[in-house]
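These are my notebook entries on a two-chain model, set down in the order in which I looked things up. The sequence and structure come first.

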Amino acid sequence: MKGRLFLKIFATYLAIAVLAVGIVGFLAGSQIRAKLEQQIGSELMAHARIVDLYPMKEIQAHVGEIADIARARVTILDGQGNVIAETDPEAAVLGSHLERPEIQEARIRGSGSATRYSRTLKEEMIYVALPIRKGPDIVGYIRLARPLSDVRKTIEEFTAILLQSFLIILVSSVVVAFLFSRKLTTPIRDMEYFTERLRRGETPGTLMIRSSDEIGQLAENINYMVDELQKRIAALQEEKAKVEAAFSSALDGVLILDHQGRIETVNRGMWNMIGERYRDLVGKTPLEAFRNLGLQRALDQYRSGGMPVPQEMELGEEDPVMLDVSITPVRGVDAAEGKTMLVFHDLTRLKKLERMRVDFVANVTHEIKTPLTAIMGFVETLQEGAIEDRETAKKFLSTIARHAERLNRLVEDLLTISNTELGELHFSFESVALSGIAQSVLHVIQQKAGEKKIRIASAIPDDLPPIRADRDRLSQVLINVLDNAVKFTPEGGTVSLSAAPASGNEVVVKIADTGIGIPRDEIPRLGERFYRVDKTRSRELGGTGLGLSIVKHLMTAHKGRMEIESQLGRGTTVSLYFPIAGNPSPDSRS
Amino acid sequence: MEDTRRTITHYERELQEIKQNLLYLGALAEKAIANVTASLLDRNSELARQVIEGDAEIDKLDTVIEEQCIRLMALRQPIARDLRFITTAIKINGHLERIGDMAVNIAEKVLQLNEVPQLKPYIDLPRMAEIAREMIRGSLDAFVREECELANRIRRMDAEIDTLNEQIFRELLTFMLEDARTIHRALLIMQVSKNLERIADHAKGMADMVVYMVTGINVRHQWPGDPDDICQAKREES
């Protein structure tokens, strides 16, 4: 870079020098030559005129002296142009000289001069000639000649001086060009280095160039620009970080499609929603990625109408997620980019809740209606005369009582659930020894188990730490679970109750049966209200469908939890985890 | 990003469009099978009617894709791989259209079945439908990604469908032998099963074409040796 600039400046200097020297050389050279020739000519002429004052004879006699004085070759011609005397013996040629231009001129005009090449002396000469007169007649001519070599010598000397000065200019221009280019390029190179670093994304600080000329101004401008640029970059980065944080932490799923309609970006929320169902989304079109008609229809609609379209859709094969998608254009700087943003909102939970609510109302109505229908039926029969028959009436009344009792139980269960949910159920937590409670509970269950010839086994160690529980609720929990175990265990089976300390300051109570078991898929749904694995059977057995739901709620209120393991046809184990009394469990702190 | 946009030619965009349309058609066919299965399991005749009506959309798209393919062939004169792509697209298009028709066939049978009490719980039929859908989806995946191995895996899945079909046949046969009153229902179920089996055959045909598209080798009828060797050889070649 520097070299090139240096060369440019140097070449400019050199060109100027060459031009100057050339013009001076050319103009001065020709001037000097003309001047000298003129001077020699007039000098010779002066000598010739003096000589011409003398008569022919005199001149002839003193040719040698004249030549010495005039420092010239002297030729005397007669009227016909024949050489009479000649100082230069080599040039003594015969024949008429009348044809020579200087002689012709002298004959016609009275004096003549010429600069020409002398064939006799083989040199360029200046000739001056005058006619020698005797009265009006020309009796001869005197011609003086001097070689031009003198002139040439003078010009050569002048050229030499010119060359010398040219060399001096050359050397000094190299030096000046070097210095000047260095002075010019150093700040430019600094700026170049500075901007290069800037381009690479480094922060180069401030450009230090002290100069009041244009370069200094430029440096100042650059500094100002860099400052502005960095401020803007910082602002943009902050903005970007904010958007990115919102983008990645948003619960809603976001997909951004590029101008070709291919997925460009997927946020974490999206992955959380779709989970393991789809992989490698980036680079595919939504159709390739999801094969979803609903989504594709929404996209087509959006593309043809250009309007943001909200649309509900289902993604995934098994255990699908319900999503609500809205499509909007991403307004970028370049309109041709034409990016599209798809925002997905997870409706799965909402839909499930909606469904549960609908189911709940339907279930409650159904559960209440069944015993009510029976009661009304029997009452009607009684009214129609069955009351007269004492035996039948008695039987009917006991049936009515049984159904009323079931209704009552149902309402009580519902109340318990709604109270726990509302937080209006009051618990009096205390330190409870499990063995005591277990005994009274087993006493209640024993009777029912005995009818079905089910063996009840209990193994509760005496040194079990007391648990933090509400006595009444604890027995309710245990009764509910044990009742289920007995209900779903065929005759001759075994139901066992055991307890042991568990890790994390907990006591685990396990209720295991050898019953019919529960299919794996159904286990997560067991805590739902009115959820029954086998609907007809459970109702036959007198369940309300609320038992485990109540247990689940009560366990949550105890800051404990319930786990269910089961194998179809082999039996079910329900594990209840209670916190140990006096030892605040991790979650009780909150 | 900038560069890819410039290099995408009109021709490539047309190929892409055919691809996307085929995927959409595939999704329609898949949905038809899913709906018809649901209509059978939930005894939902409304859904079955929807499938029958929805076939019009499949037929329409089928014509559109075929036209696109023919246009492309006429105007661009594709060669080598592109030509194989187009021929494969035409064939897959045909297969998908037929699959749509079969979904309609099943829907018609389901409408009849829903009029009478259920003969038995359906266990193998939804399984067959599930595999058939997986085969369609897999074939299209293989087509889009040009994956020879995936296509081969789909081709092998057909055997499972055949087994299930035979199993259903034997089971229904026992029903019919025991009680003549079940014959009508059993025959309807058998036709459902047969149609599902045919759907799987079409899906396999699609996978065959994908192998052809990627390797240039026709494996449709009988191919000696392991088909995966073809994919392997092709990969080493390129």
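**Entry 1**

I began with strand β15 (residues 506-513) of chain A, which runs antiparallel to strand β17 (residues 571-579) of chain A and is joined to it by seven bridges. Helices (H or I, at least four residues) and strands (E, at least two) are taken as DSSP runs, numbered from the N terminus. I count two strands as paired if DSSP finds at least two bridges between them. Within this pair, V507(A) has F578(A) in β17(A) as its bridge partner.

I then noted the basis of the work: this is a predicted model, in which local features need pLDDT of at least 70 and side-chain atom pairs count only at pLDDT 80 or more, while totals for chains, interfaces and linings use all residues. Residues are numbered from 1 along each chain as its sequence is written, chains are lettered from A and ligands numbered from 1 in the order in which they are written, and side-chain values use heavy atoms, with hydrogens and water left out.

I next traced the whole sheet, which is open, has five strands in the order β12-β14-β15-β17-β16 (chain A) and shows mixed pairing. β12 (455-459) and β16 (561-567) of chain A stand at the edges with a single partner strand each, so one side of each has no neighbour in the sheet. On average, neighbouring strands of this sheet are turned by 15° against each other, direction ignored. Axes here are lines fitted to C-alpha atoms, for helices over the stretch in contact, and angles run from 0 to 180 degrees between N-to-C directions.

Two helices were looked up against this sheet. Helix α12 (residues 434-451) of chain A lies across β12, β14 (494-502) and β15 of chain A and runs at about 175° to β12(A). Helix α15 (residues 547-557) of chain A packs on the sheet and touches β16 and β17 of chain A, its direction making about 140° with that of β16(A). Contact means heavy atoms within 4.5 Å.

Is β1(A) enclosed or open to the outside? I find six of the six residues of β1(A) buried, so the strand is largely enclosed by the rest of the structure. Buried means under 20% relative accessible area, exposed over 50%, and partly exposed in between (1.4 Å probe, protein chains only). R73(A), T75(A) and L77(A) point one way from the strand, and V74(A), I76(A) and D78(A) the other way.

Strand β1 (residues 73-78) of chain A is joined by six bridges to strand β5 (residues 137-147) of chain A, and the two run antiparallel. I recorded T75(A) opposite R143(A) in β5(A) and I76(A) opposite I142(A) in β5(A). β1(A) also runs antiparallel to strand β2 (residues 83-86) of chain A, with three bridges, and here I76(A) stands opposite A85(A). The hairpin of β1(A) and β2(A) has four residues between the strands, and G81(A) takes a positive phi near 95°.

β5(A) also pairs with strand β4 (residues 123-134) of chain A, antiparallel and over ten bridges. M125(A) has P147(A) as its bridge partner in β5(A). These two strands form a hairpin with two residues between them, and G135(A) in the turn has a positive phi of about 65°.

**Entry 1. The antiparallel sheet of chain A**

I followed a further open sheet of five strands, ordered β7-β6-β10-β9-β8 (chain A), with antiparallel pairing. Its edges are β7 (263-266) and β8 (310-315) of chain A, each with a single partner strand, so one side of each is left without a neighbour in the sheet. Neighbouring strands are turned by 30° against each other on average, direction ignored. β8(A) pairs with strand β9 (residues 321-330) of chain A over six bridges, and E312(A) stands opposite D324(A) in β9(A).

**Entry 2. Chain B**

Chain B has eight helices and zero strands. Of its 238 residues, 52% are buried. Among contacts between residues at least 6 apart in sequence, 83% join residues at least 24 apart.

The axes of helix α3 (residues 45-76) of chain B and α4(B) come within 9 Å and cross at roughly 165°. That makes α3(B) roughly antiparallel to α4(B), the term being used for angles over 145 degrees.

Finally, I checked D101(B), found in helix α4 (residues 80-113) of chain B. D101(B) counts as buried because its relative accessibility is 19%. Leaving aside neighbours within four places in sequence, D101(B) is in contact with D55(B) and D59(B).

Note on methods. Angles under 35 degrees count as roughly parallel, over 145 as roughly antiparallel, 65 to 115 as roughly perpendicular and the rest as oblique.
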